[in-house]
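Dear colleague,

Please find below the structure that I am handing over to you. My notes on it follow directly after.

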Amino acid sequence: MNQQPGTSGLIFNEPLLWDKSRDGRCAMSLPKSDVEREPLDENLTGDSPNLPQLSELDVVRHYTRLSQWNFGVDSGMYPLGSCTMKYNPKTNEVQAARQGFASAHPLSGDEFSQGALKLMYNLEQYLAEITGFEAVTLQPAAGAHGELAGMLMIHAYFAKNGKQRSKILIPDTAHGTNPASAALCGYESINIKSGKNGILEPSVVEAIMDEDTAGIMLTNPNTLGLFETDIKEIALIVHSKGGLVYGDGANMNAIMGIVKPGDIGIDVLHLNLHKTFSTPHGGGGPGSGPVAVGKTLEPFLPIPRIVKELDTYKLVTDFPDTMGRIHTFYGHFGIMVRAYAYILSMGAKGLTDASKLAVLNANYVKESLKGTLNLPYDLPCMHECVFNDEFQKEYHITTMDMAKRLLDFGFHPPTVYFPLVVDGAFMVEPTETESKEDIDQFIDAVKAIAREAAEDPEKLRKAPLLTKVTRLDEVAAARKPCLRG
Amino acid sequence: MKEINDLILPDDVKYTKSHEWAKISGDIVTIGLNDYAQDQLGEIVFVELPEAGDTFSKGDEFGSVESVKAVSEIYIPISGEIVEINEDLEDAPELVNESCYDNGWLIKVKPEDVSELNDLMDKDEYLDMLKG
């Protein structure tokens, strides 16, 4: 086996800044004042804030040490299924930091924001082209927010047509946020089961779809990493009863440049720029969840919308059927710049290749590990594959034990216990940006862990062993949470 | 996790397909999670129960249990009115793991129709179901 990246290197302990503080220490010198001192009115003053007093080196070491406790795509493979933790090229950051973009202010008006508006307009056009839809809004702040915007548009559509509907169909292979988004619009979500091979069957939809059902929310590729092959037929069934099809495009990384969701019967789709279009995530945001719509829903898009007239761009709010506003100003602009930079640097062929390689890498992992871990749905997968711990049950080793042990080998663990349709799911999404050598290292690590499960299960139950903190007591944390520092 | 043969399954309670148990005493039925359920769930960290006075129909979801692994719904095996809930579980949800048939009971129900209990499984039938 090749040398694995995990090791117990020099990782430093680091106290809180307040514990390091010593009176009189200071990391900066203020320039000499060139005005006379004038004491503030007592009414305007209070106790000074309790700030730590530190030297420059104290501060540098503090944050350097904290950064060494961190793990990100820049430090190692991060095969977190359903999250598309691809590498984010540094050029995206360079473009977003350009002064014209970084200093743009939403209150400076259309006249002084032409560059920013042009970028947003073009990005909308590119995303419409990639997804096969008429129009796009960039406003939603993340995927679930995009879902909510999409569902509010569906809700506005039925209200406009004079008869609101009460239900929405959601398969068990859809993303977990889908029922929540539907519920916020007042729809009751009706859970429907996928077929034996993990694919939704049209007959199941046909049996339950009626004229009180607003439509269906489905994720394609679904959360098992499988392509919903009967999507066109399902869309026909839903449309024949006057319903609409919501597509969760969070897994778009599998099909960019290959399938246009707008061409296969989907009426509205959200994208996650922070997944598919390579903007940073995993640290709490900000994300970006644009929504693309076909002709049916275009009048209901949130305002303001960007309109191009001759060579100028302006924000327009005069759309009488709009669902309203979904975000202050116009969404997370810095993320849009990064996604735009990504699309331009990749080009159409590059984006298509990215999806092809994402699918190839996932299938390579699936084929390489299928004798090592149980594979409940043994079909060609899309951008991710889902195993479980069935083979390890005889040693009383769980998915959680194996995921924790992967930390010792230097990998971020895959997504565990999701999707719910697979008991003990172990969901791997390598993405297109990992090399074959890195993927092989991951595969070797999982195989080594499976051997340990049989030979030294006790070691796995204690893992991770090399990390700064070892196995956390999640039970105590949940039963007796400490909610204050 | 336990092997099927290691499960504690008392003879004097009835079992549901969704792994609850029910036991009648006088005109009150006590309901809890069985040993298989608590073992599969792992360490339970929170139990959500209805309030006394609420009524349910057989098969309704009446609460949920949360473990480190998952949140699971719990279903009532008999129609009726809740007369008492196990308030100790609020501070000590681990009682469901430690003593699922005794201190870890969930609710007490005044049944509408006691004969509904006859639809539940006895120990042998339940074991057969687990073995599939």
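Where is the place of B:H19 in chain B? The residue sits in the loop that runs between β1 (14-15) and β2 (20-25) of chain B. Please bear in mind throughout that this is a predicted model.

B:H19 has a phi near 75 degrees, which is a positive value in a residue other than glycine. Most residues other than glycine have a negative phi, and most peptide bonds are trans. B:H19 counts as buried, because 21 C-beta neighbours lie inside 10 Å.

In chain A, A:S82 is not a glycine and has a positive phi of about 75 degrees. A:S82 belongs to the loop between α2 and α3 of chain A. With 22 C-beta neighbours inside 10 Å, A:S82 counts as buried.

Two cis peptide bonds also deserve a mention. One of them joins A:I303 and A:P304, with omega about -5 degrees; A:P304 is placed in the loop between β7 (291-293) and β8 of chain A. The other runs from A:F418 to A:P419, and its omega is near 0 degrees. A:P419 is found in the loop between β11 and β12 of chain A.

**Strand β4 of chain A and its partners**

Is strand β4 (residues 213-219) of chain A buried or exposed? Seven of its seven residues are buried, so β4(A) is largely enclosed by the rest of the structure. Strand β2 (residues 167-171) of chain A runs parallel to β4(A) and is joined to it by two bridges. In this pairing, A:K167 has A:T213 of β4(A) as its bridge partner.

β4(A) also pairs with strand β5 (residues 244-248) of chain A, in the parallel sense and over five bridges. Here A:L218 has A:G247 in β5(A) as its bridge partner. Between β4(A) and β5(A) the chain passes through helix α9 (residues 231-240) of chain A, and this β-α-β crossover is right-handed.

**Antiparallel strands of chain A**

Strand β8 (residues 305-309) and strand β9 (residues 312-316) of chain A run antiparallel and are joined by five bridges. A:E309 stands opposite A:T312 in β9(A). The hairpin of β8(A) and β9(A) has two residues between the strands, and A:L310 takes a positive phi near 55 degrees in this hairpin.

Another part of chain A forms an open sheet of three strands in the order β10-β12-β11, with antiparallel pairing. β10 (385-387) and β11 (415-416) of chain A stand at the edges with a single partner strand each, so one side of each has no neighbour in the sheet. Two bridges connect β11(A) to strand β12 (residues 426-428) of chain A in the antiparallel sense. A:V416 has A:F426 in β12(A) as its bridge partner.

**Helix packing around α13 of chain A**

Two packed helices are described by the angle between their axes and the distance between the axes. Helix α12 (residues 399-408) of chain A packs with helix α13 (residues 436-455) of chain A at an angle of about 125 degrees, and their axes are 10 Å apart. α12(A) is therefore oblique to α13(A), and the crossing of α12(A) and α13(A) is right-handed. A:M402, A:R405 and A:L406 of α12(A) meet A:A445, A:I449 and A:A453 of α13(A).

Helix α11 (residues 333-369) of chain A also packs with α13(A): the two axes come within 10 Å and cross at roughly 30 degrees. α11(A) and α13(A) are therefore roughly parallel to each other, and α11(A) passes α13(A) in a right-handed crossing. On the α11(A) side, the contact is made by A:N361, A:Y364, A:V365, A:S368 and A:L369, and on the α13(A) side by A:I439, A:I443 and A:V446.

**Contacts of A:W69**

Finally, A:W69 lies in the loop between α2 (56-68) and α3 (90-96) of chain A. With 13 other C-beta atoms within 10 Å, A:W69 is partly exposed. Which residues does A:W69 contact, leaving aside its neighbours within four places in sequence? A:W69 is in contact with A:I11 and A:K468. A:W69 and A:V469 are 400 residues apart in sequence, with 9.9 Å between their C-alpha atoms in space.

Yours sincerely

Conventions
Residues are numbered from 1 along each chain as its sequence is written. Chains are lettered from A and ligands numbered from 1 in the order in which they are written. This is a predicted model: local features need pLDDT of at least 70, side-chain atom pairs count only at pLDDT 80 or more; totals for chains, interfaces and linings use all residues. A residue is buried if 20 or more other C-beta atoms lie within 10 Å of its own, exposed if 12 or fewer, and partly exposed in between; C-beta atoms are placed from the backbone. Helices (H or I, at least four residues) and strands (E, at least two) are DSSP runs, numbered from the N terminus. Two strands pair if DSSP finds at least two bridges between them. A crossover is right-handed if, with the strands pointing away from the viewer, the path from the first strand over the helix to the second runs clockwise. Axes are lines fitted to C-alpha atoms, for helices over the stretch in contact, and angles run from 0 to 180 degrees between N-to-C directions. Angles under 35 degrees count as roughly parallel, over 145 as roughly antiparallel, 65 to 115 as roughly perpendicular and the rest as oblique. A crossing is left-handed if the near helix is turned anticlockwise from the far one by less than a right angle, and right-handed if clockwise. Two residues are in contact if their C-beta atoms, placed from the backbone, lie within 7 Å.
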